[in-house]
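Please find below my notes on the model you sent. They are set out as numbered points, to be read beside the structure.

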2 protein chains.
Amino acid sequence: MSQLRLALAQINPIVGDIEYNLDLILSQAKEAVAAGAHVFATGEMALVGYPIEDLSYRKAFIDASRAAVHALAERLEAENLGELIVVVGHLDHDAAADHNDARPRNNPTNTASVIQHGTIHGRYDKHHLPNYGVFDEFRHFVPGRESLIMHVNDIPIALAICEDIWQEGPSAVAKAAGASLLLVLNGSPYEAAKDDVRLELCQKRAREADAHVAYVNLVGGQDELVFDGDSLIVDSAGDVLARAAQFQEQLLLADLDLPTVMTPTNVHGMKRLYLKAKPPVSPALPVTLGTAQPLDDYAERYWAIVTGLRDYVEKNGFRSVLFGMSGGIDSTLVAALATDALGPNRVFGVSNPSAWSTEHSKTDAQEQAERLGISMRTIPIAPIFNAYQDALSLDGVAEENLQARIRAVVWMGLSNQEGHVVLACGNKSELAVGYSTIYGDAVGGYAPIKDLPKTLVWELSRWRNRLAESRNETPPIPQQIIDKEPSAELRPGQRDSDSLPPYDVLDAIIDAYVERDFSITETIAEGFDEPLVRRVASLVDRAEYKRRQYPPGPKLSRRNFGRDRRVPITHRWRDEG
Amino acid sequence: MSQLRLALAQINPIVGDIEYNLDLILSQAKEAVAAGAHVFATGEMALVGYPIEDLSYRKAFIDASRAAVHALAERLEAENLGELIVVVGHLDHDAAADHNDARPRNNPTNTASVIQHGTIHGRYDKHHLPNYGVFDEFRHFVPGRESLIMHVNDIPIALAICEDIWQEGPSAVAKAAGASLLLVLNGSPYEAAKDDVRLELCQKRAREADAHVAYVNLVGGQDELVFDGDSLIVDSAGDVLARAAQFQEQLLLADLDLPTVMTPTNVHGMKRLYLKAKPPVSPALPVTLGTAQPLDDYAERYWAIVTGLRDYVEKNGFRSVLFGMSGGIDSTLVAALATDALGPNRVFGVSNPSAWSTEHSKTDAQEQAERLGISMRTIPIAPIFNAYQDALSLDGVAEENLQARIRAVVWMGLSNQEGHVVLACGNKSELAVGYSTIYGDAVGGYAPIKDLPKTLVWELSRWRNRLAESRNETPPIPQQIIDKEPSAELRPGQRDSDSLPPYDVLDAIIDAYVERDFSITETIAEGFDEPLVRRVASLVDRAEYKRRQYPPGPKLSRRNFGRDRRVPITHRWRDEG
């Protein structure tokens, strides 16, 4: 047995900002060295950010990433960090792979490089390329062809990247190689309750490989994805030794006692690398293993949205956000989320009352703005509405949509004039059935709650108020907004329930039909009314054109409207079976 | 040698409308029997339409497709067409494939089934699943594992599906099997000049396999894709025996004299099927082999757009289209295209002059509407603009965008009131550099010229006028609209050249940077000014958020903005190298 002090850098890189990411990795490595670590690892593709999508085709980007690995090696050495064994995820290419028109140009790879003493000693290219759900890695990378085992003071450590451990194979390789530790670099996006699945997977692979498993993940938002961290280390029995917090940057340190192997056997397709780290650090103080408690189901969704929203704003260089505050629960929750993400000074609400707006809409919106301390202005739309109607004389749905679109033009005008990014406040239930106005309430650069069903909009609002109470703060969301009946207020006395079923029923049908691919028959078998199921399914099918033009927002569920669900606009398949 | 009369059904199926597609296939089969054909083949997935995207996950759809193959067999028999050997493309599943979380649910396959005498005799599942460009077939299907050779009156015919012949392998299989004919079912979308590439590919595979190649493609529009037909047959020397027209439904018939094989050798992983067709039809009249001339470069783009637009409208059940007619060349070309696609009675133009609109804008738009015989109405925006400005006092770009957005709200109001689908008239050059107003001129259900660079907008306008002259018709596009300097007319005296380089230069830079993935250095090396290349690249990178919310439109180029190009919104990679 030998002692290994391991440092897992759970960081928030920015796609394409290699300089920023390199500095971030260096600063974490410095901290790791100060803590006496032998081995340091980042998440998947940390040097270039993840996912990079079709940017993987750009040769200049591949070249820059390769150069940055060398620069990292040099700067580690220059800053007296050269002794540390650094495993860094980055973009590379497979120079030996055959040219093939069906493959991505330049044969890009999703690579982990091993650096010590200013030298790149070896690399591992991801073998298993996920191409389902939000992932398109057959499109973006060529698969690795060789396994890598690095022996650090005779401790054999097998490397893997994310999807590798979701597939069978790598744990068998680690076992065949006699590895004591399976070190996995990940870019695993948040999804409700995925933390539990990840832990179970690591435990399973640890037992299969008879090895410790160290799992390091990214944190932060990237377009539709939010990486939640949750880096963790389990021993070969599957017991948790250390676990990082979700949604926070953190350097997770652990002292591991691991079996050594002096004369490893050769295995075909496997490369071995022999490295010496500093002598075991037993004289030094042992690090305390932190095991963060995973967040509960509401909290993790709430912080996932906050993280996604904050990073969309920050990484795209926006100063502030602006959105319509109707006094309804959706925009109210968005206001609370935005304030938690950016602080009140960067949040701008706009109230656009019409002739059909209720008095409570205006006062409730005002009350919430005051509770949060955010800016709020009121711009009535009646004069503009009248100018349109003088020219158009619209009625019915066209007249309702007109009001929503006038508001959108006002928000976009203020956005252009003052530099805010507009937020769309639609929830998943609305998006599913097309209960929104395209180019009206659907406008925006980012849509924070688009993957949150209406029932969860209420639950998260209540949860956020409870959090405030537990902190002895004023609850940010006025109770009367949670309690009021939902209405779009586009005609007198309108209520959502005029055209939609109760939201608990609607959300359950959407969960079956959209998220679980149930047929209409299977959905009815869950206990729902047949005509209702058929109507909802038909609404879902016909609203695709609206969703296609909706802004991106953070994925929270097993299947979001976005990268997870790609269906034709033009089709007549109506699942009647 | 034995004679085979082959019928290739180049048809336009509708995604998900199995009943419609089945009837269409039956009517073509009836025609083929009347013409004495032995073997009849459809394009890829013709029974369910193509591409079906994530609909492949729906078990009810797979079941319906499987049932429809049986129904087709029964109806062929019932209508006395049972003697015909029918090869039909459809959705199926691989019941024997292992379950695997990384695979699409239910193991869907892209299948061709062989039907005769009311029985399904065999099937071939596509082996090579394209996952690049516009294709995501690793996401949607599991690959086939067995080859199929059908022996028809001792003529060995190897089957393949689309991508199979773009990869190495299938022609070797056909050769090893001693096949006389390689029959390929395709769903090959249009792309400029792809007809030449396809022909060369078929010729190459024919020579490699020492066999005839029969290539049957779909026609018609499906969201971003347009299938152009161009079905063809070459002999083993690569000479063209028959070729169907582009963009038209057609039953392509050919008499082929093909070598017979009495005692085929067994090849691993290959299934053989022995069928008898009617005796050779030599007593009957031989069919005349038609070889359509491929369209020239402008004509094929023009008809690709017309096809895509017509099918988006028809297949989605719209009655008519509506768009803003500014008097500029973009909306003018769109008016001509829409009129060719739908006829003048289904085309509605709207002129929305502002204070900055020139007199010629109004009169030119009016003149073109009269030439085309389409509806045209004028709704000035000044009163609405003033109502907004009383509340907002916008200036600069915010004021310019306001005008564009007021027009959009007018079009959407008329769309909701009267039932038209709105067309966005932006071209590829504008889309590339973000020279458009989101929720303004960018609104619409379909964007006919989004993959057409501005220089080609002019070329296609001139081409369409020449076509009219060759037919002794009035040219649809007034010459003064082609000749005038482009302007958005959002402020007094504004010209595109105030903020953009000349379009021939801009389009060439876009072609290098976007379509060919050239780095900035490589683009400069093509002979362009360095600061200009850097500025254009930066504009392209920063406009992604606008493109993401732009309506779909027909792919014409090697890389469209849409399925072909998937880059993050949030990223800081600036290709400076």
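The points below take the basis of the model, then the contact between the chains, then salt bridges and backbone details.

1. Basis. This is a predicted model, in which local features need pLDDT of at least 70 and side-chain atom pairs count only at pLDDT 80 or more, while totals for chains, interfaces and linings use all residues. Residues are numbered from 1 along each chain as its sequence is written, chains are lettered from A and ligands numbered from 1 in the order in which they are written, and side-chain values use heavy atoms, with hydrogens and water left out.

2. Symmetry. Chain A superposes on chain B by a rotation of 180 degrees with 0.0 Å of shift along the axis, at an RMSD of 0.0 Å. That is the relation of a two-fold axis. The superposition is by least squares on the C-alpha atoms of residues with pLDDT of at least 70 in both copies. In chain A, the residue that comes closest to the rotation axis is A:Gln549, with its C-alpha at 2.1 Å.

3. Extent of the interface. Chain A gives 84 residues to the contact and chain B gives 84 residues, where contact means heavy atoms within 4.5 Å. About 7,300 Å² is buried between the two chains, 54% of it on carbon and sulfur atoms. In chain A, the residues that lose the most area to chain B are A:Arg58, A:Arg572 and A:Trp573, together 12% of what that side buries. Buried area here is the accessible area (1.4 Å probe) that two parts lose on being put together, summed over both. Of the interface residues of chain A, 100% are also interface residues in chain B, so the copies meet through the same surface.

4. Make-up of the interface. Between chain A and chain B there are 45 residue pairs in polar contact, both residues at pLDDT 80 or more. A polar contact is a pair of N or O atoms within 3.5 Å; within protein, one must be able to donate a hydrogen and the other to accept it, and residues adjacent in sequence count only if both atoms are side-chain atoms. Several helices of chain A each supply at least two residues to the side that touches chain B, among them H2 (59–78), H7 (297–315) and H11 (396–418). H11(A) gives the most, with twelve residues. Helices (H or I, at least four residues) and strands (E, at least two) are DSSP runs, numbered from the N terminus.

5. Salt bridges across the interface. The count between chain A and chain B is six salt bridges. A salt bridge is a side-chain nitrogen of Lys or Arg within 4 Å of a carboxyl oxygen of Asp or Glu. One of them joins A:Asp136 and B:Arg566, with the closest N and O atoms 3.9 Å apart.

6. Salt bridges within the chains. Over all chains, the structure holds 102 salt bridges. A:Asp517 forms one with A:Arg559, the closest N and O atoms being 3.0 Å apart. A:Asp517 lies in the loop between helix H15 (503–515) and helix H16 (520–525) of chain A and A:Arg559 in the segment after H18, so this pair ties together parts that are 42 residues apart in sequence. A:Asp517 is buried at 5% relative accessibility, and A:Arg559 is buried at 13%. Buried means under 20% relative accessible area, exposed over 50%, and partly exposed in between (1.4 Å probe, protein chains only).

7. B:Lys555 and B:Glu191 meet in a salt bridge at 3.2 Å, N to O. The two residues are 364 residues apart, with B:Lys555 in the segment after helix H18 (544–548) and B:Glu191 in the loop between strand S8 (181–186) and helix H6 (194–209). B:Lys555 is buried, with a relative accessible area of 3%, whereas B:Glu191 is partly exposed at 22%.

8. A buried arginine. B:Arg243 lies in strand S13 (residues 240–243) of chain B and is buried, with a relative accessible area of 6%. Its side chain makes a polar contact with the side chain of B:Asp230 at 2.8 Å.

9. Backbone. Most residues other than glycine have a negative phi, and most peptide bonds are trans. A cis peptide bond joins A:Tyr50 and A:Pro51, with omega about -5 degrees; a cis peptide bond also joins B:Tyr50 and B:Pro51, with omega about -5 degrees. A:Ser393 is not a glycine but has a positive phi of about 50 degrees. A:Ser393 sits in the loop between H10 and H11 of chain A and is exposed, with a relative accessible area of 52%.
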